[in-house]
Amino acid sequence: MFDSLIGNSNVKTFISKLICEGRFPNSAIFAGPDGVGKKAFALEAARAFVCSATEGSGRCPTCLRASRFNIPKPEKKDDFKEVFFSEHPDVGMVVPFNRNVLVDAIRSLEVEANYRPYEARGRFFIIDDADKMNDAASNALLKTLEEPSATSHIILVTSRPDSLLQTIRSRSQVIRFSGIEAAEIEAHLSSGGQWKREDAVLAARTCGGSIARALSLDIEKFRQCRSTMLDILDALSIKKVASVLQSTERLNDAKNKEDLESNLVIMESLIRDTWLLKNGGVAASLTNCDVAPKLSTVASRLDAPTLAGWLGEIESMRGNFIVNINRKIATDALFVKMAVGV
C-alpha cells in the first residue's frame, strides 16, 4: 500500500492503520500543497479498500480496474454532471468542469453514496479540487455528510481547505499533507534514468516540494527564464533602471507574457536565496545553489531589510493578479520602485 508514492511517510502510516483497523472515516479531507500526490493517495486508499488480494497490492485485477478512469476533456458541461466511475463499480470520482464542481455532480454522488457496495466492502468517492464547489454544491454535499451511509467513504482533495464550509470541515477528518523533501524528489527523478543528476537536483530544489511540478518542469526553459531574472536582479542591485525596463518589456511581450507569474516566482526564489546569503546562509542550502557566486555578488550590494521588502512587494503584486490589472504597467511600476528604493 502506497509503495509507488513518494513523500509524506507519516500520512502513509496513518492511512494504512485506519484502513487495516477498519476505521477509515466516512468523510475525509486530504489537504496540502498542490502537486504532492493527494489525489494519488486517495486512489491508493480506494484500491486498498476494494483489493481482492492483499490490501492495496496494486497488482491484482481488482486494483487495476479501480485505477482506470475514462474522464473526458472539459468540453461538454453535461459530461461533468455525474460521478465518473472507474472500471470498478465501487470507486467513483467527481471532477470539476473548468473551475467549478457542478452541483449536479454532487447530487449524483449523494444518490450513489446511498447504494450498498456492488463488489467490495465499501464504496469510495473522491472529489477532486473540492474547494471549487460553490455554495449550492457545498450544501448538497453537506446533506450527504449529515447522514452518511456506513459503507460509503468520501475523500475531498484540496489545496485550500479553509475555503470549504466550516460545517463540512467539522464533519470530516482532516489529513494534512506536506511538501515532499527535495532529496526524495531528486532520488525519484534520478531513478528513472531520464534525468541528468544536475537537472534532477535543480528540479527538486525549485519545485517547492511538488513532485507534479518537478515532473512537468521544462528544465532548459527554466534555466533560460532564471538567467533573465538573475540579470534583472543584478540590474536592480545597481539601480540600472533603463536595463530593468528593457527587461520588463521582454517579460510582457506576446511571446513571454503567459510566463510572467512563473518568472516572478523564480525572482522570489533568487531574492530569498540572496537574503539567506546576506544572513550568513551557506551556498549548499540555497534553492538556486548552482548560481550562488552570482547571488553572492548581488548580496554584497544590498542589505537584508531591502531584500525582505522586495519579497513583500512581489508577493503583493502576484496577489493582485487575481483581479484584472494591467500586468505590464504593474510590473514596470514594481521594478522601478525596487530599483529607485535601493
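A pocket here is an open set of points on a 1 Å grid over the protein atoms alone, with protein on both sides within 12 Å along at least five of seven lines, and its lining residues have an atom within 4 Å of a point.

The model is a predicted one, so to speak of local features takes a pLDDT of at least 70 and side-chain atom pairs count only at pLDDT 80 or more, while totals for chains, interfaces and linings use all residues. Residues are numbered from 1 along each chain as its sequence is written, and side-chain values use heavy atoms, with hydrogens and water left out.

The largest pocket holds about 830 Å³ of space, and 27 residues line it, with Thr 206, Arg 213, Ser 262, Val 265 and Ile 266 nearest its centre. Several elements give two or more residues to this lining, among them α8 (197–206), α9 (211–216) and α14 (304–320); helices are DSSP runs of H or I with at least four residues, strands are E runs of at least two, and both are numbered from the N terminus. The top contributor is α12, with nine residues. Sorted by class, the lining has eight nonpolar, seven polar and twelve charged residues (Ala, Val, Leu, Ile, Met, Phe, Trp, Tyr, Cys and Pro count as nonpolar, Asp, Glu, Lys and Arg as charged, the others, Gly among them, as polar).

The second largest pocket has about 360 Å³ of space. Arg 213 turns up in its lining too, along with Asp 34, Arg 99, Asp 129, Asp 131, Lys 132, Ser 159 and Arg 160. That makes seven charged residues, one polar and no nonpolar.

Next come the salt bridges (a side-chain nitrogen of Lys or Arg within 4 Å of a carboxyl oxygen of Asp or Glu), of which the structure holds 19. Arg 123 pairs with Asp 90 at 3.1 Å, N to O. Arg 123 sits in strand β4 and Asp 90 in the loop between β2 and β3, so the bridge ties together parts 33 residues apart in sequence. Arg 123 is buried at 1% relative accessible area, and Asp 90 is buried at 0% (buried is under 20%, exposed over 50%, partly exposed in between, with a 1.4 Å probe and protein chains only). Both residues also belong to a salt-bridge network with Glu 112.

Lys 337 and Glu 313 form another bridge, with the closest N and O atoms 2.8 Å apart.

Note on methods
1 Å grid on protein atoms, 1.4 Å probe; cavity = no way out; pocket = protein on both sides within 12 Å on 5 of 7 lines; lining within 4 Å. Points joined across faces, edges and corners; volume = space filled by probe spheres on them.
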